[in-house]
Amino acid sequence: MLSLDNFYKARYVLNEVVRKTYLVHASKINPDVDVYLKPECLQRTGSFKIRGAYFKISQLSDQEKAKGVVACSAGNHAQGVALGATAMGVKSLICLPAGAPISKVEATKRLGAEVCLVPGVYDDAYQKAIELRDQKGYTFVHPFNDENVIAGQGTIGLELLDQLPDLDAVVVPVGGGGLISGVAFALKSLNPKVKVYGVQAEGAPSMAKSLKDGKVECLPSVSTIADGIAVKEPGDLTFSICQKYVDGIVTVNEDEICAAILRLIESEKMVSEGAGAASVAAVMFNKVPVKGKKTVCIVSGGNIDVTILNRIINRGLAKSGRLCTLDMELDDQPGRLVSVCSVIAQLGANITGVHHDRSANRQKVNSCILRVSMETKNEKHIEEIIKALNSKGLNVHQIL
């Protein structure tokens, strides 16, 4: 059973290890919500995971430490275990999904761990780690379904009450449920009035589905850019804690996550990975009932793969109406392209690409398909452009 005393013990142990992540008031996230960010993306190793991993390893016996530890992770827990084990002179072996971002794999190695890449997703890496535990006698450091790991993550809840005593709600990214279990237990034990909401990716709603069905469910597969919360099955311990202490779990789609990453970069100068931005996405797009509430979004990690950052930003721009691509059929005559571009320019959009296709399927023989990509201000601006082009007799379709 969880004990609040253990949470305070974890805070004492972690005091000299973790960074103090102070709240950031973020008024531009949602004008109807008093939003604060808990930037665990600025934590050592770039994620909150150092808290649970370090505390778990610190509580092992000398015999267990001598044999070493094994863990599985999409990346962030791996780095937490690696740092904690190395700091205490303990050997660590980390099983990672083969598709984990290279940046996370290399960071784990730099922190002193041995890495074993496993084909598949997190759950496949988990099975391999259990196999190695049984073969070699390592202690398995579970990323979420462990009382000491949960206590370590729950120190965030203790900090929130110190930093913002009158908070109304906390929004937490959810994968296996370790973070939200610790935060919810700490907050509800000390102030039951605080609401705790979880957020999962639409492509990996394992905890949301489990809570809905009233039992732990295992998804057949998961798919999301938020690799840090791409978990097929929550833990039985975290599930039972969420059942008792969490006020609700919602999902956000890929475009909403991308838009949240972009908003954090532009408005708060803060780099978040997909999992970390999920909580912000839920508040941005009004997925949780926090209007008018003093709300903390936990930005759980910042270890985003820079090789996909450009694609994510473009998706975020499209979701927020800042990028737009329109298709239209027009007569293949001199001057028609100029007239279309003139309408767009007069309304203040910036054309970034034009594709003129005579071979595409079209209604009239002597017509062509014109595809125009442009930078726009917002959704209303796009609507104005489409309306103006329609008034010129063009049949316009937005494809991005």
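Tutor: In helix α9 (residues 206-213), the buried residues are S206, M207, A208 and S210; buried means under 20% relative accessible area, exposed over 50% and partly exposed in between, with a 1.4 Å probe and protein chains only. Helices here are DSSP runs of H or I with at least four residues, strands are runs of E with at least two, and both are numbered from the N terminus. This is a predicted model, in which local features need pLDDT of at least 70 and side-chain atom pairs count only at pLDDT 80 or more, while totals for chains, interfaces and linings use all residues. Residues are numbered from 1 along each chain as its sequence is written, and side-chain values use heavy atoms, leaving out hydrogens and water.

The cover over the buried residues of α9 includes β8 (195-201), α10 (236-245) and β9 (248-252). Just after α9 comes G214, with a positive phi of about 80°.

Another helix to look at is α2 (residues 49-58). It is mostly covered, with ten of its ten residues buried. Among them are the charged-side-chain positions K49, R51 and K56, as well as I50, Y54 and F55. The buried residues of α2 pack against α1 (4-14), α3 (62-67), α4, β6 and α7 (147-163).

One of these partners is α4. The axes of α2 and α4 are 8 Å apart and meet at an angle of about 40°; axes are lines fitted to C-alpha atoms, for helices over the stretch in contact, and angles between N-to-C directions run from 0 to 180 degrees. That angle makes α2 oblique to α4, because under 35 degrees counts as roughly parallel, over 145 as roughly antiparallel, 65 to 115 as roughly perpendicular and the rest as oblique. On the α2 side, K49, I50, A53, Y54 and I57 make the contact (heavy atoms within 4.5 Å). They meet N76, H77, G80, V81, L83, G84, A85 and A87 of α4. By class, this contact has eight nonpolar, four polar and one charged residues. Ala, Val, Leu, Ile, Met, Phe, Trp, Tyr, Cys and Pro count as nonpolar, Asp, Glu, Lys and Arg as charged, and the others, Gly among them, as polar.

The loop between β2 (34-39) and α2 contains Q43. At 2% relative accessibility, Q43 counts as buried. Neighbours within four places in sequence left aside, Q43 is in contact with V18, R19, T21, F48, I50 and R51.

Helix α4 (residues 76-87) lies across β3 (69-72) and β4, and runs at about 170° to β4. The open sheet has four strands in the order β5-β4-β3-β6, with parallel pairing; two strands pair if DSSP finds at least two bridges between them. Its edge strands, β5 (114-118) and β6 (139-140), each pair on one side only. Strand β4 (residues 92-97) is joined to β5 by five bridges, and P97 stands opposite V118 in β5. Between β3 and β4 there are four bridges in the parallel sense, with A71 opposite I94 in β4. Two parallel bridges connect β3 and β6, where V70 stands opposite F140 in β6.

In a regular strand, side chains alternate between the two faces of the sheet. In β3, V69 and A71 point one way and V70 and C72 the other way, and all are buried.

A second sheet, also open and of four strands, has the order β12-β13-β11-β14 with antiparallel pairing. Its edges are β12 (350-357) and β14 (395-398), each with a single partner strand, so one side of each is left without a neighbour in the sheet. Neighbouring strands of this sheet are turned by 20° against each other on average, direction ignored. Strands β11 (residues 323-331) and β13 (residues 367-375) run antiparallel and are joined by nine bridges, with L330 opposite C368 in β13. S367 is found in β13 and, at 2% relative accessibility, counts as buried. From S367 to A66 is 301 residues in sequence and 76 Å in space, C-alpha to C-alpha.
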